[in-house]
Amino acid sequence: MRIDLFLKKTLIVKQRDTAKELCDKGMVKLNGMLSKPSREVKEGDLIEIDDAQGAQRYRVLKIPEGNVRKEEVGTYYEGPSR
C-alpha cells in the first residue's frame, strides 16, 4: 500500500492530499529514508513524520485491506495517537 494512502486510511493524517504534501515537502521518512507519496509500506516499517507538532514515529503492524473504522486504527500501527 502507498504511504500516503496508509497515512490517510489509518487516520494518522486526515486527508490524502495532506499526506502527499508532507511527503513532497520531505517531512516523511520510511525506515530512515525520505519517502515519496507512492512508496510502498510493509508490516514492520517505521514511519517518521516531522511536522509542527515535532517528530512522530509509527511502527506499521499490519496493512489495511479496506476502509478502517475509527475504533480500529490502533491495530494498524503503534506510536503516538493524534
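Colleague: Which residues have the most contacts inside the largest nonpolar core?

Modeller: A nonpolar core is a set of buried Ala, Val, Leu, Ile, Met, Phe, Trp, Tyr and Cys residues joined through side-chain atoms within 4.5 Å. Buried means under 20% relative accessible area, exposed over 50%, and partly exposed in between, with a 1.4 Å probe and protein chains only. Here the largest such core has 19 residues, and those with the most contacts inside it are Ile3, Phe6, Leu7, Ile12, Val28, Ile47 and Ile49. Two or more residues each come from α1, α2, β1, β3 (46–51) and β4 (54–60). Please note that this is a predicted model, in which local features need pLDDT of at least 70, side-chain atom pairs count only at pLDDT 80 or more, and totals for chains, interfaces and linings use all residues. Residues are numbered from 1 along each chain as its sequence is written, and side-chain values use heavy atoms, with hydrogens and water left out.

Colleague: Which residues does Phe6 touch?

Modeller: Contact means heavy atoms within 4.5 Å. Not counting residues up to four places away in sequence, Phe6 touches Met1, Ile12, Val41, Ile47, Val60, Lys62, Ile63, Pro64, Tyr76 and Tyr77.

Colleague: What pattern does the protein follow along the sequence?

Modeller: Helices (H or I, at least four residues) and strands (E, at least two) are DSSP runs, numbered from the N terminus. The protein has two helices and five strands, in the order α-α-β-β-β-β-β. Its radius of gyration is 11 Å, close to the 12 Å that the globule rule gives for 82 residues, so the protein is as compact as a globular protein of that length. That radius is taken over C-alpha atoms, and the rule is 2.2 Å times the number of residues to the power 0.38.

Colleague: How many of the residues count as buried?

Modeller: Of the 82 residues, 37% count as buried. Among contacts between residues at least 6 apart in sequence, 37% join residues at least 24 apart.

Colleague: Where is Leu11 found, and where does Asn31 lie?

Modeller: Leu11 is found in the loop between α1 (3–9) and α2 (16–24). Its phi is near 65°, a positive value in a residue other than glycine, and Leu11 is partly exposed at 37% relative accessible area. Asn31 lies in the loop between β1 (28–30) and β2 (33–34). Asn31 is not a glycine either, yet has a positive phi of about 55°; its relative accessible area is 42%, so Asn31 is partly exposed.
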